[in-house]
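Welcome! Please have the sequence and the 3D view open as you read.

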Amino acid sequence: MESEQLFGSSTPYRNSYNSITSASSDEELLDGAGVVMDFHTTEDDNLLDGDASPGRTPGWSGRSCGSNYVMSNGGNAASSSTHLLDLLDEPIPGVGTYDDFHTIDWVREKCKDRERHRKINSKKKESAWEFTKSLYDAWSGWLVVTLTGLASGALAGLIDIAADWMNDLKEGVCLSAMWFNHEQCCWGSNETTFAERDKCPQWKTWAELILGQAEGPGSYIMNYFMYTYWALSFAFLAVCLVKVFAPYACGSGIPEIKTILSGFIIRGYLGKWTLMIKTITLVLAVASGLSLGKEGPLVHVACCCGNIFSYLFPKYSKNEAKKREVLSAASAAGVSVAFGAPIGGVLFSLEEVSYYFPLKTLWRSFFAALVAAFVLRSINPFGNSRLVLFYVEYHTPWYLFELFPFILLGVFGGLWGAFFIRANIAWCRRRKSTRFGKYPVLEVMVVAAITALVAFPNPYTRQNTSELIKELFTDCGPLESSQLCQYRSQMNGSKASWDVHDRPAGPGVYSAMWQLCLALIFKIIMTIFTFGLKVPSGLFIPSMAIGAIAGRIVGIAVEQLAYHHHDWFLFKEWCEVGADCITPGLYAMVGAAACLGGVTRMTVSLVVIVFELTGGLEYIVPLMAAVMTSKWVGDAFGREGIYEAHIRLNGYPFLDAKEEFTHTTLASEVMRPRQTDPPLAVLTQDDLTVEDLQAVINDTSYNGFPVIVSKESQRLVGFALRRDITIAIENARRKQEGIMRNSHGVLYPACPHPPRRQPPPPQTAQHPGHEPLHRH
């Protein structure tokens, strides 16, 4: 490794579609022998025009954040540079910005923001207008997160309503009002019975509309055909829209958002086209019945809103580091509307996606999550006055002996997470390396067809995944008509014992158990092949569904074990005959949290999210035990979660703060070239020509170069970026005459806050009416 690589050598990266030939840089603030290279400017870097006064040959001077580039024609005359505020206000076009698939310079951006803040504070007492501008600047952060929360909540409500309607469209249509889904269509019907509450004259299945009959083999085949037809139509439309209009709208978006928040530039990933197409195709993908969810993509949608609104405020549009504070708040708003968990959204942004999270970002993230949740609650997309469809409340306590099955569910979640990550990454890698990945439309259609054909016969795979989770979470009671609640009712005098939970399972429960086992196998297989398709696809809901199915099966098994063997030492202290002991829905909730934790390796934020779903503090301990067990088991097979694995698969330059590195190389071994390596590519401070600079740039591919005093004195004084040098040279040639190949350049180290009037340095002469002139 050469020393230039320590200062940000070019490294090729690959995104989801194309090979990225651009480089990433890790620019840093260097302290070299007391000379500080401070990336510090008011706006973007300014052009310093050469002095055209008599006796001076036209030349050019340009300043890049971190170095002053001063060039004179032939070396007979010279120019210099002082503080930016004393010179021209016109910035060099392009300097201070970043190319696509490059890494931002955090130090440069923070210095730019500090200089902007200092300039505003110095002017706010000059006039009422300047004071108003300072107030606007101070409140712009709260304004942009407010707009982001409003937009995120509104779009989430729109997506929920449209997805529910289109999902029910696969089974039938409401004749009285086409825009009503199945549940809304039967709300006002007086002919709905308790046993068949979803059947009403206003709702017609496709078999009833086409064949005129609701029962029989012909009716079943027609409904089967129409279900598959609508599923394939939705999937085809979704993948075509993504492929043609916005390729970045596919997938979950969380791996890329984690990378962007760490400082990487992906142009267009958070743009308006991506927002519009992702919103539309997310509805289509969820309605197609694929094993995916909308919760993960909602984070991407919210970040698109935050990125778009940040361009309304110069404080954020001109500073990439400040913009990432808005994106952190937007990701919190996305999780807030996805699960109805504002606090969990803030913790998710802090624990899972954010790379730079100052205290003020924590406050603004909380406020954005609050606004988004308020807007979604006002829309009330599910008609239950809740923010999510599967909100549940439990009123029975848990007992100490239940920790054992809870920990078993945690072990299952960890094993499932490790298996899913390896299997999904292996399939995605195979997709990238074979011809099958060149036909994304065909792949989506094949997966959608298999999903629809296999899912329709099983009622637990045919219904929407969120509705499945709701049914699995819900505790059985007298108002539930699900197969999972078809227990044998025991007559106690003239009253059936419907008010107790523990009772023998009936035929419906055993039938549901077999169907849930088949649904579990189906969900596991299809989720592996679905996540990574070229359609919007989230992973939260499928993982929670798998865990909820496994948890409900374990819960019913423990419930029946406690009923038939209540005299065992495990049960007799807590589970008396006819007592309320086991809650299978609680096991489903714990299993859902364990499986989601095994896949994503989230801990604190996941427990809080699930806690906000249930609203019960007494279930914190079971959730914590299952989630931590899931993480420990998953970490035994690999420490990275699914999002980190996809970041590594795509080759994004993400340095995970949670990852540990073991280095055995000494600095002296990498700071000098090996015998077979070319000499170090460095820039000297005061004896370079344009030809020398262009030769270094053309002969190397590094993103920046160390600046030394001279060839004799190899003392490091700073660091010059390749992009800034190139832009400064091109800009000088375009705007000034006389720049030739033998024009000399001098690189001056910049001070963090140079004074307005500083004494002339050695070997300089103060020209009357001009800046200090450097003598060559």
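D635 counts as buried, because its relative accessibility is 17% and the cut-off for buried is under 20%. Its salt-bridge partner is R601, with the closest N and O atoms 3.0 Å apart. Please keep in mind that this is a predicted model. The points below begin with this pair and then move on to other parts of the chain.

- For background, most residues other than glycine have a negative phi.

**Other salt bridges**

- In general, side chains of opposite charge can pair when their charged atoms come close.
- How many salt bridges are there? The count comes to 16.
- One of them joins D99 and R723, whose closest N and O atoms are 2.5 Å apart.
- That pair links distant parts of the chain, 624 residues apart: D99 is in the loop between strand 7 (67–72) and helix 2 (106–123), and R723 is in helix 26 (residues 722–735).
- D99 is partly exposed, with a relative accessible area of 34%, and R723 is partly exposed at 26%.
- E443 and R431 also meet through their side chains in a salt bridge, at 2.8 Å from N to O.
- Because E443 lies in helix 15 (residues 440–455) and R431 in helix 14 (residues 403–433), this pair ties together parts that are 12 residues apart in sequence.
- Are E443 and R431 buried or exposed? Both E443 and R431 are buried.
- A network of salt bridges links D113, R116 and D137.

**F101, in the loop that also holds D99**

- F101 is found in the loop between strand 7 and helix 2, which is also where D99 lies.
- Phi of F101 is near 60°, a positive value in a residue other than glycine.
- F101 counts as buried, with a relative accessibility of 10%.

**Helix 3 against helix 9**

- Two packed helices are described by the angle between their axes and the distance between the axes.
- For helix 3 (residues 128–169) and helix 9 (residues 295–310), the angle is about 140° and the axes are 9 Å apart.
- Which way do they cross? Helix 3 passes helix 9 in a right-handed crossing.
- Helix 3 makes the contact through V144, L147, T148, A151, S152, L155, A156 and I159, and helix 9 through L298, V301, A302, C305, G306, F309 and S310.
- Sorted by class, the contact of helix 3 with helix 9 has 11 nonpolar residues, 4 polar ones and no charged ones.

**A287, in helix 8**

- A287 is part of helix 8 (residues 272–287) and counts as buried, with 0% relative accessibility.
- The C-alpha atoms of A287 and A162 are separated by 8.8 Å, although these residues are 125 residues apart along the chain.
- Leaving aside neighbours within four places in sequence, A287 is in contact with A163, M166, N167, K170 and F234.

**Helix 7, a covered helix**

- How many residues of helix 7 (residues 254–261) are buried? The helix is mostly covered, with 8 of its 8 residues buried.
- The buried residues are I254, P255, E256, I257, K258, T259, I260 and L261.
- Those residues pack against helix 2, helix 9, helix 11 (320–339), helix 12 (342–353), helix 19 (540–564) and helix 23 (642–650).
- G263 follows helix 7, and its phi is positive, near 115°.

**The chain as a whole**

- The protein chain has 26 helices and 18 strands.
- Of its 776 residues, 56% are buried.
- Among contacts with a separation of 6 or more, 76% come from residues 24 or more positions apart.
- The chain exposes about 34,100 Å², and carbon and sulfur atoms supply 61% of that area.

Notes:
Residues are numbered from 1 along each chain as its sequence is written. This is a predicted model: local features need pLDDT of at least 70, side-chain atom pairs count only at pLDDT 80 or more; totals for chains, interfaces and linings use all residues. Side-chain values use heavy atoms; hydrogens and water are left out. A salt bridge is a side-chain nitrogen of Lys or Arg within 4 Å of a carboxyl oxygen of Asp or Glu. Helices (H or I, at least four residues) and strands (E, at least two) are DSSP runs, numbered from the N terminus. Buried means under 20% relative accessible area, exposed over 50%, partly exposed in between (1.4 Å probe, protein chains only). Contact means heavy atoms within 4.5 Å. Accessible areas come from the Shrake-Rupley method with a 1.4 Å probe; for residues, only the protein chains shown count as cover. Axes are lines fitted to C-alpha atoms, for helices over the stretch in contact, and angles run from 0 to 180 degrees between N-to-C directions. A crossing is left-handed if the near helix is turned anticlockwise from the far one by less than a right angle, and right-handed if clockwise. Ala, Val, Leu, Ile, Met, Phe, Trp, Tyr, Cys and Pro count as nonpolar, Asp, Glu, Lys and Arg as charged, and the others, Gly among them, as polar.
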